[in-house]
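Please open the structure in your viewer, with selection by residue number at hand, and follow the stops below in order.

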Amino acid sequence: MFKKIDHIAIATDDIEGALSVYRDIFGIAVTYREVFRELGVEVAALRIGESCIEFVKPLDKDSKVAKFLQERGEGIHHIAFQVEDIEKSIEELKAKGIRVIPDGIKRGIEGKKIAFLHPKDCHNVLIELTQKAEG
Ligand code: ZN
């Protein structure tokens with residue numbers, strides 16, 4: 001069902017500070033950086049081989065990512081698995097007792113379809129399913 005790790009998302013309040021380590025010291029190229037109003041975040045993505053590290057900064061203090069930062073501080077926020085067919089994957093997972101977060105399928109960065117699985121069903125890790133945009 002899962003093709004690869006699409007990205008690992010790290011919550012931060014300080015994208016510049018993160019880039020000064022991951023881009024400037026580690027030498028990982030930034031592939032995109034974008035303010036994403038619909039999801040309430042700014043994202044900077046750095047590609048390593050087939051996967052990305054995404055730094056995610058909340059745009060307002062009431063967002064889910066802001067709450068995560070308040071409760072846990074900076075760190076890994078979620079892991080995203082790429083799937084071929086997100087609707088089909090969700091159905092299969094639901095049938096096996098894995099809950100999907102009620103927001104359902106949303107439009108993510110680069111036109112991807114995304115959905116999140118309930119962390120309580122995934123050993124306290126927030127898992128994102130992501131399907132590439134067509135074309
Ligand atoms: Zn993500």
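## First stop: a patch on the surface

Select Val-21, Ile-25 and Phe-26, which together form a nonpolar patch on the surface with about 300 Å² of accessible area. Patches of this kind are made of residues with over 30% relative accessible area and no salt bridge, nonpolar side chains (Val, Leu, Ile, Met, Phe, Trp, Tyr) being joined within 5 Å and like charges within 9 Å; the areas come from the Shrake-Rupley method with a 1.4 Å probe, and for residues only the protein chains shown count as cover. This is a predicted model, in which local features need pLDDT of at least 70 and side-chain atom pairs count only at pLDDT 80 or more, whereas totals for chains, interfaces and linings use all residues. Residues are numbered from 1 along each chain as its sequence is written, and side-chain values use heavy atoms, with hydrogens and water left out.

Ile-25 is exposed, with a relative accessible area of 63%, where exposed means over 50%, buried under 20% and partly exposed in between (1.4 Å probe, protein chains only).

Next, select Arg-23 and Asp-24, whose side chains meet in a salt bridge with an N to O distance of 2.7 Å. A salt bridge is here a side-chain nitrogen of Lys or Arg within 4 Å of a carboxyl oxygen of Asp or Glu, and by this rule the count comes to nine. Both partners are partly exposed, Asp-24 at 48% relative accessible area and Arg-23 at 30%.

## Helix α1

Now select residues 15-22, helix α1, and colour its buried residues, Ile-15, Ala-18 and Leu-19. Seen down the axis of α1, these fall within an arc of 100°, so they line one face of the helix; the arc is that of the directions from the helix axis to the C-beta atoms. To see what they pack against, show β2 (30-36), β3 (41-48) and β4 (51-58).

## Helix α3

Move to helix α3, where the buried residues are Ile-86, Ser-89, Ile-90 and Leu-93. Seen down the axis of α3, they too fall within an arc of 100°, so they line one face of the helix, and what covers them includes β5, β7 and β8. Turn the view to the face away from this buried side, which carries the exposed residues Lys-88, Glu-91 and Ala-95.

Lys-88 forms a salt bridge with Glu-92, the closest N and O atoms being 3.9 Å apart. The two are four residues apart in helix α3 (residues 86-95), and are therefore separated by about one helical turn.

## Arg-99 and Leu-117

Select Arg-99 with Asp-121, a salt bridge whose closest N and O atoms are 2.9 Å apart. This pair links distant parts of the chain, 22 residues apart, with Arg-99 in the loop between α3 and β6 (106-107) and Asp-121 in the loop between β7 (113-117) and β8 (127-131).

Then select Leu-117 in strand β7, which is buried, with a relative accessible area of 4%. Its C-alpha atom is separated by 5.9 Å from that of Arg-99, 18 residues apart along the chain. Not counting residues up to four places away in sequence, Leu-117 touches (heavy atoms within 4.5 Å) several residues, among them Leu-93, Ile-98, Arg-99, Cys-122 and Leu-129.

## Last stop: the loop between β7 and β8

Finish with His-123, found in the loop between β7 and β8, which has a positive phi of about 55° although it is not a glycine. Asn-124, in the loop between β7 and β8, likewise has a positive phi, near 65°. Both are exposed, His-123 with a relative accessible area of 77% and Asn-124 at 53%.
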